[in-house]
Amino acid sequence: MIRDSLAVVVVARRHPERLSATLASLAADKVPGTVTVVNLTGDSVPLTGQTEIVGPSTLSLSHAVDRAIAGSSAETVWVLRDDTSVRPGAFTALASILDTSPSVGVVGPKQMDAQSPVTIREMGESMTRSGYAFQIAERELDQAQFDRTSDVLAVGEAGMLVRRSVWTSLNGFDPALPALGGALDFCFRARSAGWLVEVVPAAVIDTAVTSYEALAGEVTESQAEREEARARAHRVLVYGPSAVRPFRAFGLTLGALVRGIGRFLRKRVNPFTEWRGSVAGVLDWGAIARSHRSYRAMVTNPVGGGRLLVSPSDLRHRRAMQRDAELAIREASDDTPRLEFRASAMWSTGLATALGLVMGGRFLGATALSGGALVPMPATVAEALDAIGATWSDVAGGMSAAPDGFAALMGIVGSLTWWNPNLIVVTLFAFAIPLSFVAGFVGAGTLTTSPRVAIVVGAGWALLPTLHVAISEGRITAVLAHIALPLFARAIVGSSTLSLGWASILAAIAWVSVPALAPAVILAVIIRAVSGAPTVILVMVPALAFEWPRLIASIANPVAYFADRGVPFPTGAPHGVVSLTLWPTMPSFPGVDTEIATLVAFVVVAVCLALTGIAVIVAENPRVGALLLPGAIALLTWAALGPLTLATSDGQPTGLFPGPLYDVVWFGLLSGTAITISAIRFAAGFLAPIAVVVIAAVGFVPLTAVATGMSLVAPTSVRTLPAYVQAETAAHPGGATLILTPTADGIRAELQRDAGVTLVEWTAAAATRQKLAEHEAAIAELAANLIVESDFDVASAVSEAGIGFLVLEAPPTAPEVSAIASHAGLTSVGATDYGILWRVNESIEPTPVDRSPDLAFRIILGLVGLMALIAAVPTSLPRRRPVVDDLMPVTGEVDDENS
Amino acid sequence: MRILSKITIGAAGLTALGFSAYAVAFMPTPLSTGIAPLTTVVSPESVIRSIVCSGDIVGYVGDSATISSISATTRLVSGGDIATDLTMDSTKNGAAITNSGNSLDVAATEYGSVNTESVAGYLATECGDPLNDQWLIGGSTTTGRDTIVTISNGSDVEARIDLEIWGSAGKVDAPGSQGIVIPAQSQRSYSVAGFAPDEASPAIHLLSNGAAVWATLQTTVVRGLVPGGLDRIGPVSTPTTSVFFPVFHVPTEKSIGKLLADPSYTDVIAALRFLVPGDTDATITITLDPYAEGDTQVATASIPAGSTLDIPITELSAGDWAVAVESDQPIVAAARVGFHDASTGITDLAWASAAPAQTGIASVLVPGGALLGLTNFGATDASVTVVSGGDIGENIIVPARGNLLLPVGQGILTVTSNSPISNTVFVLTSYGIATLRGLTAPIDASNVVVIHG
């Protein structure tokens, strides 16, 4: 009889306060035999006459049991912990199995959760074929659903009743598995030695913690996961044949690594915990070898049967349940109401697209656009990608400088339409109106959950003169910033990794396109960081990855850093008081004097400002006021930089284009106006359309510039040089073309290499250069002498500069034609679409230049960009149930979703 | 609490915005960049300037490369040497003159007088820089009138010429006026009557593809059997909205009056010829300012677009006048004055091309005693240095919107001005009359401003 020779061992380690209850429950159940308490708490414990053995707190459970039974002759050991209390009848139920079934070596009880006595904590263990430990019942409401289970692979350590002979022959638990998996391993070995293991549903005990917590106290999820992975690696390698162990070890680590990467891509916390645990398990080579030897020594009946292991379908089912539970937790925590893009928004986007097609229809189907500040992109994606980190630019006769962030950005953007990098530019310009509408709509989500407010903001954003002046002047930088800014505002107020990723990408686009926006972007990030999300600071990393070489290069002349990127092009922006109309040019309406137009523009700004003042109070949250702060910084930036010459373009001083800076102010004003208008209940229905119409009327001239052919931008071919030159330079690369354009009092001279200068070659370093290089002076000398009849030795000057072709951008009747023709060494090719073309007679040996890219820039940008992308790519499904507040109109008006 | 934070943050935002607006409107920026437009002023090395002279007085034109020369002209050259004599079929006529020293100093004039059965009169015309785009106004192709266009190509490159001809009835559809090839270093002459027969008021637009050329119109008049009138007209480069004739000489009633009874002498009456090349009718204001005592006369007229119009100037007292024409559309114009010497019986006329407003150095060779008229149409006084016949330069002030008439002697005349000024030299001899203009170099070859793209 078991009860005649029983040693009850209670290991007290972390929960001495529960020990009395444990001992009392033993007494209440009248459990026979000696009760030995192994005190590992390092303190005294309250005992009621039991034997006490004191040990160090690091002593494992298995060794504690060994010590307790060392002086005893009991044939059965009941292993209990200080956090387990025994329900009545538990021992009797366990003992009866051992009594009646001699082949059963180990039995275990049903473990209930001490905090929730109807929940099963653990009831028998198993594992998958690949070694994952698996609880047969885990955290389930006990409805007797498992009570027919008896034959199991293993039972948990708490309440385990084991024959002493089994315990001794197996040397207790494997010392390599002190925290997790010790009982599983022990039972597995017991089965391998020919014993049966059974769980006894009639025996019930309460446990407060898991075996790992009982050993180590509070453990985090990742610690448990790591320990579990370590135990699994140990199991797999110990039970398997030693010959294939290195391969299994490699496979284990690799599999864990792949799963870790998967978790990383899904933006889970501590993605590589499992991998770290696996590596730790695999590297414990000595312990594995020891355990393997002892396992081989006693194995008589290898566990190979599928019955006791978990089937794959069980596993799938269990995992699906796990995912569902995770999702439910996530959704429960995500209860912020947000602006939804629903039917009314889609209809409005359709309208904006239709308007965009009318206004920008000229651009559709174009292979490339140029004019104003826009020149075509390279013809192939390879050339576009070469611009990333390029240190050599053919602009200004060829110069070497720090890699340009905007060139890199355009290189990346251009590769989105890899078959024709110009297509993305054409698309951006042709669809600027709908894109801006969507951007404005989404951006309004920063401040409101009302679709009506968002539609007014989106419509205003799509109609603003800041956008349309930028389009008609070919300022792709300002167009990019206009679309990116509201999206950035929306992303920066979010708190998820996803919005952080998007905010970082959008901040980079806005900053790199228009460096003058950097102060406003930085302020927005700082406001967000101060108001509760310090990690938002990371948002600036991608922008810095683009811009660090340029920032370093600008230390000598910091103000020049803020020059507009791309091709420098003079602006007609007013300064001083008139610039407070927030118009990027002089305000103009058809048939009205400039003075009156300016006055009207002032009135519009004043009304918007007044309505925004009201919105500060009416709005749902204090963000309207906060949004004005970046606007103020943007305006201050304009005050500081506006009057300056930041670049030179064709001999003209070129200042900042204020559009993007005004955009920051406009976004605050538009949002405030829309919020106030929508808050006026009785009038919102007609005030909102009126506001949109007013904005459209005020911006009428720039809005219709493209449609009426007044814009500087026009569809062109990808080439910027005559086809003859392109064909020749394709065959003999490196040759330069001198382009001469007569001006009022002289000549404009530009040297272009190969097929012509593209957008990605216009670096800030070239646009903001303060003095001419030596070779530029030589080009000037050559140009001036070419357009007058002189004895100048053109042939040698031309070959020195590596010039193979000469284009005079003038009609064939221009006086310069005969002057150029009078020089020896040139052969007239004829008139082309680009001007009169001459070929240099001597064949030119181009001087080789160092075109190698900055590898450090590429690597840093690549890594940072990858991180930002991983953060920005959504990897979880959108939430399935609407949050109640989504449907609740903020200001109390009837929701127009219902109309 | 929430409303308080909204108001606090909102007030902060609005205050910051207000401060920034104040800064934009009223505060000067404390920053500077040191970036300035990049231009280079280059003085080209050893500039070659070639001016082209038309050569002899032409009698009739066979084909374009064969002419009959009635009389050689006298060619005065200063600051340069004849580089090339231009070739016709078998003969040579006209020359290209290249500077020997400073390219701005080269000047040449051709003059001559004839008194034969078919041609009588006096001509004197400056030689000039070749142009790719030029306008020739003057002459007539009605009975007894002959007008010959002479195109001289002094360069080493062939020129391909397109002519557009306007008359009083509009643009003339002239066969053979397109694609005229003038080989390098050669000259061709065409009778305008061949393109526009019986046209009282022709005007020619000459466009050259390739080499720039120098074109002149020679016009002669025979009334019945009596020849009386010879002149050569230089080109103007571009239509403008203001046109100046600094010297407009009205002969005395005593000399010319009795001719006017004969209807065939109507073309000795002073007149202005206008052409509006554009599509819009032009409204012009003609200001006639006498150098002698008298009142300024102002007249307005409407010039129909696309055709020439001759406006006779009568009722003016004899003497020298300055004519300024302002228009609301670009126009080209020329002025005609008549001459009759009762003692010799010589009748002549002179066509004056509009004198462009120029800054810098304008040089002209004066064949004999003459009058220099200067017109300053600008709003400020012009300080002008006039050097005549090797005299020491004379600094004179031409008042704003004023004119000045100076007697000048034979020899090189240079007019140097720092603001735009028009000049014309009027030569009055006993053989007839002529006008000359001092022209500046087409590109200021001493200082070419190069802009870096």
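Seven strands from chains A and B build an open sheet with mixed pairing, in the order β22(A)-β23(A)-β21(A)-β19(A)-β20(A)-β33(B)-β1(B). This is a predicted model, where local features need pLDDT of at least 70, side-chain atom pairs count only at pLDDT 80 or more, and totals for chains, interfaces and linings use all residues. Residues are numbered from 1 along each chain as its sequence is written, chains are lettered from A and ligands numbered from 1 in the order in which they are written, and side-chain values use heavy atoms, leaving out hydrogens and water.

- β21 (803-808) and β23 (835-840) of chain A pair in the antiparallel sense over four bridges, pairing being at least two DSSP bridges between two strands.
- A:Leu806 has A:Trp838 in β23(A) as its bridge partner.

**Helices on the sheet**
- Helix α28 (723-731) of chain A lies across β19 (736-743), β21, β22 and β23 of chain A, at about 170 degrees to β21(A); angles run from 0 to 180 degrees between N-to-C directions, with axes fitted to C-alpha atoms, for helices over the stretch in contact.
- Helix α30 (774-786) of chain A packs on the sheet and touches strands of both chains, including β20 (746-753) of chain A and β33 (448-452) of chain B; contact means heavy atoms within 4.5 Å.

**A helix pair**
- Helices α24 (623-641) and α25 (659-679) of chain A pack at about 150 degrees, their axes 7 Å apart.
- That makes α24(A) roughly antiparallel to α25(A), a term for angles over 145 degrees.

Methods:
Helix = DSSP H or I, 4+ residues; strand = E, 2+ residues; numbered from the N terminus. Parallel < 35°, antiparallel > 145°, perpendicular 65-115°, else oblique.
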